[in-house]
Each structure stands twice: as structure tokens, then as C-alpha cells.
Amino acid sequence: MNVTFIKNIFSSQKVVVRIAPSPTGLLHLGTARTALFNYLYAKKHNGVFVLRIEDTDKERSTLEYEKDILEGLSWLGITHDTFFKQSERMHVYTDHLKRLIDSGKAYVSKEESTQNPGMFIEVVRLKNKGEVVTFTDEIRGEITFDTTSLGDFVIARSITDPLYHLAVVIDDHEMGITHVIRGEDHISNTPRQILIQRAFGMSEPKYAHIPLILASDRSKMSKRKGSTSITEYRENGYIPEAMLNYMAFLGWNPGTEKEVYTLKELIHDFSLDQVQKGGAVFDILKLNWFNAEHSKKILDSKIQLEVLEKIFPKNKNELAVMTEEVLRKMYDVVIERTGTKDIPTYRSIPESEFNYFFADPQIETKISWKEEGSETTKKNLTVAIEKLRVLSEYEFTKEAVKEALWSYAEEVGKGSLLWPIRVALSGKEKSPDPFTLAELLGKDETLKRIEHAQKNL
């Protein structure tokens, strides 16, 4: 996915967020939490999550740290939609900087080096009129800065060496970033970045500054006060499901008693409205509790998978949607259909009982409801396809599918709509309800099967 594609997304008002770590250290807990909040917000709104490595600090940036960041996010399950490295975009910053100087809104200044007294260097400064900058933070409300004290601040060490603020502004604009969700320590950076945006004539993204993660004494988390890198937590036996769940609660709360969440559930419930302003205190005992709760679920699921191995065909993974998560969800369906929870004496059942989970179904029964004709069935399936297509893959749950179809089912008759959908998905007279099947099969497979059945009526 390139910048042009993302800008096209931006023009369609799609949510685009980013995480922009510097590869100058291991993936920190705070950076991972910020990545998670951005990821949840993007997926909640069916948007785009950009990973941008800000490696313009040539002296401190290393490929080793970049690899750790990528592997850490991957281990957590925080997957990006597109990837950029600032070091590969230096020509973009140079072009923008030249235009800014040519317009008279920035200028080259020859100054004595603070690191090497007696040596003079050329830096680029932004002309600052000293205006008052006000922006609305999605979490903290209206924030105002008087930028007079900033003076004409430096935005590049040279025409080919941009500083952080300049590169960030250009990247956010070029990549169509709509929401900048980052730590509250970046609030003081915002007025400088807004002044640069205004100098270029760029629109401002929406800002949301999330609370810092604090140690138990309410000081800022640091390596002196315990593990802070995702690699350390991983090596110490913590599992990604627990880390994600706990990190989500560092600054966010759903407003209910529910605490144990899957990633999919976090996507569904996450909202910036429920992010707190005050610092989030890190509690290792609470993380340990989350780790225990999720470990128990995985242990149970391993037993469940052993049971499923006795039932499902050896080629069960041929269908792309058949992930381990989906297989676990099938357990309850299998138990309900077979009528036993006695795992040690689990009886074997024919593979054909559930073969529609792993391959395109063979229609074994009449697809139209009772005496209805094929034209009526085609019409109802067309409406079902239209209503299901608007759901995102992340909200394609049995509850959401039922809500999308229910009113029309009541209008035309539940059997007229739900029977042909169930047969289209399973091919059988007896199978789980169509809402459960749709969730297990996923959006793409569900729509494919309904469309196939409709064409072959």
C-alpha cells in the first residue's frame, strides 16, 4: 500500500491512524500500549493502521531495534496495514523544505554550533508570528498555547536533514493521518507541529493524548523500576492475550464489570470517550492475574482442540477461515450437536456431520422455504447479501449478523429468509442457526456461499 493509495482513502473520509516508533531501543510497554489504542480505534472504525519507523536519528537508530519493534507488535497481534521508514523518504522532506523556504515562511540561518563552539552551521528556522494556537483534544478538551516564547524554532539541521517536528508533519499529511493518538508527553509538541502545518497550508488531524503509564509510586515508568520492554515480558512467560488485555486497561475502561477481553471484543468496545486523563498506574499483580485468566482459557481450549481432532477431517485447515480461534468457537457447536460434554469417553461421529466447516457445502436439502418459489428465495438472499456486506469483518459476529437480518426476516417471514441462508451455508437440513454459522465462517466465506447458492437455485 503506497502513500497515494492512503491519500485516496483519506479523501473518502476513512479513519487513518499511525504508530511511529523510533528504533533507538526495544519496544517499550508505553509504545506498545499506544500502538494498541491506535489499532483498536482503526479497526473499530474500519480504518487503516499505519506503522511508520522514524529512523532519521542516524546515530542512535539500529536495524536490531527496528526488528525488535516489528517482532514485538507481531507477537502481540497488532498488525499494520501499511509500512513506511522515514529514512527512505528524505527526498520528500527536502522538497517540502525547499518550497517552505521559497515561500518565505522559513529561512536558512548560519549559527554557531552548540556542540562544537567556534564552528558555524546552517540550520533552517520556521518564521513564527507568535500566534495563539488552540486545538481540541479528543480526550482532554480544548488546549491553548501562546507560541510567542517558541520564537523562530529550528525545523531542520540542514536542507537535507529534517528534525522530528518537520518530518512528522509532512508524513502525517502525506499519509492522510486523520487522528493522532499518542502519549500526553507529546502535548507540548503539538503547537510547533500546528504552526508547521499552517505554514504549509495543511489541514490539522484530530489529536488525542492518552495518559502516561506510571510506576507504583506514580513516577514515569523506567527500566530502573522493572521490566518495560515487550521482549522482557515475553521471555518472562507472559502471553500476548494477557498483555493486550492488560495494556488496554492502562488508561481505558469499558465502564462495566467486564475485565477479561479478547482482541476482537476490545475492538468492539473501545472508545476514546472512555480513555482517562490521569496517569495509568502499572500493577504487576494485575498483569499476573490477566495472564492467569488467559492461560486458563488457553489450557481449556487445548483440551477442546484435542476433542475436535477426533471429529474433524485431517484437511480441516484447507479453508483459510479455519484459524485456531474459529476452531475453539466450534467446540460449543459440536457439544450442542452431539449432546455430550464427557470428554474422556467422547464418542466418534461421522466426518460428514460437520464437513461444511471445511469445504464448500453440498446442498442436501431443498433451499427454498416450504412451497416458496426460487424467485422469492433469490430476492430474499439478495437482500441478505446487501445487509451483510455493509458489516466489517471485525464486527461480523452472530449478534451483529442477527441484528442486520432480523427486521427483514420478521417482515417476510423468518423461515423465508433464515432457512435458505442456513442451507446455503451448511447444505444440510439440520445444522446450527445461520447467525452462528456466519460468525464461524467469516464475512467473505459467508457471502461467497450465499451468492453461490443464489446463482444455482
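**Figure 1. Strands S8 and S9 in the predicted model.** In this predicted model, strand S8, which covers residues 154-158, is joined to strand S9 by two bridges, and the two strands run antiparallel. Within this pairing, Ala-156 stands opposite Pro-162 of S9. Both strands belong to an open sheet of four strands, whose order is S4-S5-S8-S9 and whose pairing is antiparallel. Strand S4 (106-112) and strand S9 (161-162) stand at the edges of this sheet with a single partner strand each, so one side of each has no neighbour in the sheet.

**Figure 2. Strand S1 and its partner S2.** Strand S1 is joined by four bridges to strand S2, residues 48-53, and the two strands run parallel.

**Figure 3. Strand S10 and its partner S11.** Strand S10 is mostly covered, with five of its five residues buried. Five bridges connect S10 with strand S11, which spans residues 206-210, and the two strands run parallel. Among the residues that can be followed in this view is His-179, which has Lys-206 as its bridge partner in S11.

**Figure 4. The second largest pocket and its lining.** The second largest pocket has a volume of about 1100 Å³. It is lined by 37 residues, of which Ala-20, Pro-21, Ser-22, Thr-31 and His-186 are the closest to its centre. Strand S1 (16-19), helix H2 (29-44), strand S9 and strand S10 (179-183) each contribute at least two residues to the lining of this pocket, and the largest share, four residues, comes from H2. Sorted by class, the lining of the second largest pocket consists of 13 nonpolar, 12 polar and 12 charged residues.

**Figure 5. The aromatic pair of Phe-249 and Tyr-261.** By the rule applied to ring centres, the count comes to 15 aromatic pairs. Phe-249 and Tyr-261 form an aromatic pair that is tilted, with 6.0 Å from centre to centre and 55° between the planes. Both residues lie in the loop between helix H8 (240-248) and helix H9 (263-269), so their pairing ties together parts that are 12 residues apart in sequence. Phe-249 counts as buried at 17% relative accessibility, and Tyr-261 counts as buried at 1% relative accessibility.

Figure 6. Ring pairs link Phe-37, Tyr-233, Tyr-238, Tyr-246, Phe-249, Trp-252, Tyr-261, Phe-270, Phe-282, Trp-289 and Phe-290 into a cluster. Over the ring of Phe-37 sits the charged end of Arg-33, 5.3 Å from the ring centre. Over the ring of Trp-289 sits the charged end of Lys-286, 4.5 Å from the ring centre.

**Figure 7. Helix H8 and Tyr-233 of helix H7.** Eight of the nine residues of H8 are buried, so the helix is largely enclosed by the rest of the structure. The buried residues of H8 are Pro-240, Ala-242, Met-243, Leu-244, Asn-245, Tyr-246, Met-247 and Ala-248. Tyr-233 belongs to helix H7, which covers residues 230-235, and at 3% relative accessibility Tyr-233 counts as buried. Although Tyr-233 and Met-243 are 10 residues apart along the chain, their C-alpha atoms are separated by 8.4 Å.

**Figure 8. Two residues with a positive phi.** Most residues other than glycine have a negative phi, and most peptide bonds are trans. Asn-46, although not a glycine, has a positive phi of about 55°; this residue lies in the loop between H2 and S2, and at 38% relative accessibility Asn-46 counts as partly exposed. Lys-370, which is likewise not a glycine, has a positive phi of about 50°. Lys-370 is found in the loop between helix H11 (324-338) and helix H12 (374-389), and at 55% relative accessibility Lys-370 counts as exposed.

Notes. Residues numbered from 1 in each chain as written. Predicted model: local features only at pLDDT ≥ 70, side-chain atom pairs only at ≥ 80, totals over all residues. Heavy atoms only, no water. Pairing = 2+ DSSP bridges. Phe/Tyr/Trp six-rings, centres within 6.5 Å; stacked < 30°, edge-to-face > 60°. Buried < 20%, exposed > 50% of the residue type's maximum accessible area, 1.4 Å probe, protein only. Lys NZ or Arg CZ within 6 Å of the ring centre and 35° of its normal. 1 Å grid on protein atoms, 1.4 Å probe; cavity = no way out; pocket = protein on both sides within 12 Å on 5 of 7 lines; lining within 4 Å. Points joined across faces, edges and corners; volume = space filled by probe spheres on them. Nonpolar A, V, L, I, M, F, W, Y, C, P; charged D, E, K, R; others polar.
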